[in-house]
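Subject: The structure for you to look at

Hello,

Here is the structure I promised to pass on. Please open it next to this message, and then read on for what turned up in it.

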Amino acid sequence: MPTTRKPNLESVTSINNDGSRNFIHPADTKGKFTLGRRVFGALLLAVYILLPWIPIGDYPAVFLDLAERRFHFFGLTFLSEDLWLGFFLLTGLGFSLFYVTALFGRLWCGWACPYTVFLEQVYRRIERLIDGDASERRKLDQAPWNGSKTAKRVVKHGIYLLISLILAHIFVSYFVSIPRLYQYMQHSPVENAKVFGVMAFLTGALYFCFSWFREQFCIIMCPYGRIQSALTDDDTVIIGYDEKRGEPRGKKSDPNAGDCINCSRCVQVCPTGIDIRNGLQLECIGCSACIDACNTIMEKTGRDRGLIRYDSFNGLNRLKKRIMRPRVVLYTGLLLLGVFALLASLRGLHSSKVEIIRMTGQPYYIDEGGIRNQFRVQFVTKQNEPTHFALNVTGLPEGARAVGMDEEVILQPGQEATKTLIIQVPTEIYSGEFNLTLEAAVTPGDYTLSSTVDFVGPSTYTLNKGNQSPTKTETPSPQP
Amino acid sequence: MNEIDSNNDSIVLREHVFDGIQEYDQKLPNWWLFTLYITIAWFVIAWVAYYQLPLNYPDDFEKLEAQISIIDQKKADELEKLMADLDNEAFANLSHDPTYTDPGKAIYEAKCAACHGLDLSSKLNGIQLPGVPLNDTEWKYGSQPLEIWKTVRDGSPDITKGMIPWKTQLTGAEIVQVVSYVLSKQPQ
């Protein structure tokens, strides 16, 4: 006989007392939250699947080109040297998650987490299609192996594997792009062993997670699930059971009973196997299935909806509700700080780069032309159209010369170039080391990049002495 | 729907009490224990393979050295291949071959012109640049094409002059191109 463990606060429903797994088969729900989650999940899936296919400029919308170390996001290109921006991206995502959690609890888990979306909107839908509703699935689990059960299992796991393969290929395509992935797929796996290995590992991981591991990840392994209890307080909107209205539980006909008729629909539909009537629990992923389930029953019994609803602990207990709390103010401040830092750093980020590097060899040379420094100038463009650099060297003392930067530099998309820059300072006007700056006016974009280096040379004192020696007579007396 | 509050579900507590506090005695999930067993098994395998068997695995430094020597070997092979069909005669032919002199011109203008002048005269608007003129018949370190190639590759024998070894920035083939371009500009 199919049985269900009764949920309690002391142990996890999905693990039996002997440590073995108790598979949870959540019942179907209907309602606005179920529909909303399904639509939102479909949207997220579409975004995940389509992004590598949509070309923006010359590249897919999102293409993290690991081989070339160029990262394309919606027409913007970043190089590996821009990786520091990832700090703001990650902290920004972190603070956003803090913020959302403080206000709305585990909204992310139930609505937007890829794990939940894949599990609830893809794999569990397939299981529902093949194995039937919750009680049929439970029965099938218990049933002895026969032809029909074997066929169902083979079909189900076959489709699971196929879907896992597709999802893994899409993931890989974010890093190698669709055309290259298609090219790889037509060749032996050995030729692209690394990419194939990643794809195979991912396929295995997805298949394992969604065919067997399921809610165990959310309730035992997920780090966000671990820290969320530190991020919420009594004013955080959670999914909760209105104890004041529902208790004591009893039959509909019982005049002394509360609104909860103890039908246990909320327990049957829970994908992590908890009883929401026990209050907020670590296992709750905020999926709102129990809200829809309870609302259906409340409507049938002619009672108000919302016995289980989105509300804060204070709201459920008829206490004063607050939106602005110290933690919300703090998280808002941190979020704004992060956004500001990101915007500030993006403002300083240009789609091209100019850098002066001193050439190998001696730091400076002295000959008839005076004191000479030799540099390499590196030009990089991340723009997807030809980039012009109009050059100008500033900071030179009167009479000094810069050679090699007279011509405009034009780079084709993705190109890099190195040019030679020579700075000559006649000995008679040399009065010590100085800074010089190369300014590059860039079109398109109309901004100016600059790179500054030291001009190095002998100390004016030793240069004086050298000039007084009889072997070097060619230079006139230098300035003091 | 059958909710069974059987003995199977009763909460197990340890007998030990301190300050009135008792501990649960619940089993870990089996899969969790299984990950522990995997790490133990992995430890045995790794310990035997890395510390007990006389197998000499290369460490990171040795792997790096091996990769560098592969690159060096590749470079040496390319150079040897290049030098096999390259002599002073061949250079004379290359200097008339636009597939060599055209890319050579681009390299010259980016790297060499700053010292030797765009027109190889070592002059810019009549003012002397640091490099020696390349459009006269005077060659400081050998006038044979291969000698010029060597000077570009390894730099001036006199390190105080400032002609650096270009082999760090240019490949052997690129040096051939730029030398071909310079030769094509010689008064003959």
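Predicted model: local features only at pLDDT ≥ 70, side-chain atom pairs only at ≥ 80, totals over all residues.

Strand 4 of chain A and strand 5 (residues 70-73) of chain A run antiparallel and are joined by 4 bridges.

Next, have a look at strand 11 of chain A. How many of its residues are buried? Strand 11 (residues 370-381) is mostly covered, with 9 of its 12 residues buried. Its antiparallel partners are these:

- Strand 9 (residues 352-358) of chain A pairs with strand 11 over 7 bridges, and A:V354 stands opposite A:F379.
- Strand 10 (residues 365-367) of chain A pairs with strand 11 over 3 bridges. Here A:D367 stands opposite A:G370, and a hairpin of 2 residues joins the two strands.
- Strand 15 (residues 416-425) of chain A pairs with strand 11 over 10 bridges, with A:R376 opposite A:T420.

Now for chain A as a whole. Its secondary structure comes to 16 helices and 17 strands. The radius of gyration is 34 Å, whereas a compact globule of 480 residues would have one near 23 Å. Along the principal axes, the C-alpha atoms fill a box of roughly 120 × 60 × 40 Å. Of the 480 residues in chain A, 29% are buried. Among the chain A contacts with a separation of 6 or more, 66% are between residues 24 or more positions apart.

Finally, there is the place where the two chains meet: 31 residues of chain B are in contact with 34 residues of chain A. On the chain B side, strand 1 (3-4), helix 1 (30-52) and helix 4 (98-116) each supply at least two residues. Helix 4 of chain B gives the largest share, 5 residues. By type, the chain B side divides into 17 nonpolar, 9 polar and 5 charged residues.

Happy browsing, and do write back with any questions.

Best wishes

Methods: Residues numbered from 1 in each chain as written. Chains lettered and ligands numbered in written order. Rg over C-alpha atoms; globule rule 2.2 N^0.38 Å. Buried ≥ 20, exposed ≤ 12 C-beta atoms within 10 Å, placed from the backbone. Contact = placed C-beta atoms within 7 Å. Nonpolar A, V, L, I, M, F, W, Y, C, P; charged D, E, K, R; others polar. Pairing = 2+ DSSP bridges.
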